[in-house]
Amino acid sequence: MKWSKLLSIGLLVISQFLLVTQVNADAGIPVLSVETNESGNQEYSITLQVLGLMTLLTFLPAIVMMMTSFIRVTVVFAILRQALGMQQTPSNQILIGLSLFLSFFIMSPVIERVNAEAVQPYIEESITSTQALEKAQAPFADFMYGQIRETDLVLFMDLSATPPLEEGQMPPFKVLVPAFIISELKTAFQIGFLLFIPFLIIDLVIASILMAMGMMMLSPLIISLPFKIMLFVLIDGWALVVGTLANSFT
């Protein structure tokens, strides 16, 4: 019974869409059409462009997380919280929000370049939607290529059987994106390791003192946590971490 209702609703939606398409076509409004201009490029109707834009928006979270500095920033913040010994402070919402705004700050040159080379020319109708999409990919490709390790790039080129690149040629996106993700994770773990060392030393010192005093039943984390927080505040830790992350992309 439930499936029959869903099927009837689906058929009703499809029939309404076809009816609206037929009415607009009769009225002379191009709903779904592809035209070839004088230069030989294909131009899509507004309806197809809007449909493509809405489809692209569904991939926006993946683009923000996997093609920007968000990976490195959020992993480093998570390791920092673990090194401090605080499981829920700052909360996940705060760390994600901070990572997003810091990523927008770091990616601002790339976003400005996309706006100047792709968005504004498309709004002014000086380029087509296909050309705008190609121009929007170039700044992100240049950013990711500048952060990729050569070994990671070679690994995914071998896995995808991509032929060797000529000098100055950009790798395809199917190779560029996964290589960038792996390189970002490696870099984030390296920064996180350096952040962990001073807090680990404090934990070892506190544990040794408690053991020498015979207070083995008392958790060293309870005693070391205030000292780690005090050390992090005295050295202006947030400014150092954020500054290091921002400078690591230049």
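Visitor: What makes H4 oblique to H10?

Guide: H4 and helix H10 (residues 220-234) pack at about 135°, with their axes 9 Å apart. Angles under 35 degrees count as roughly parallel, over 145 as roughly antiparallel, 65 to 115 as roughly perpendicular and the rest as oblique, so H4 is oblique to H10. By the way, this is a predicted model, where local features need pLDDT of at least 70, side-chain atom pairs count only at pLDDT 80 or more, and totals for chains, interfaces and linings use all residues. Residues are numbered from 1 along each chain as its sequence is written, and side-chain values use heavy atoms, leaving out hydrogens and water.

Visitor: Which residues make that contact?

Guide: On H4 they are Leu80, Ala83 and Leu84, and on H10 Leu225, Lys228 and Phe232. Contact means heavy atoms within 4.5 Å.

Visitor: Why are H4 and H11 called roughly antiparallel?

Guide: Helix H4 (residues 70-84) and helix H11 (residues 237-247) pack at an angle of about 150°. That is over 145, so the pair is roughly antiparallel. The contact brings together Arg72, Val73, Val76, Phe77 and Leu80 of H4 with Trp238, Val241, Val242 and Leu245 of H11.

Visitor: How do you know that Asp203 is buried?

Guide: Asp203, which lies in helix H9 (residues 173-212), has a relative accessible area of 17%. Buried means under 20%, exposed over 50% and partly exposed in between, with a 1.4 Å probe and protein chains only, so Asp203 counts as buried. Leaving aside residues up to four places away in sequence, Asp203 touches Leu221, Ser224 and Lys228.

Conventions:
Axes are lines fitted to C-alpha atoms, for helices over the stretch in contact, and angles run from 0 to 180 degrees between N-to-C directions. Helices (H or I, at least four residues) and strands (E, at least two) are DSSP runs, numbered from the N terminus.
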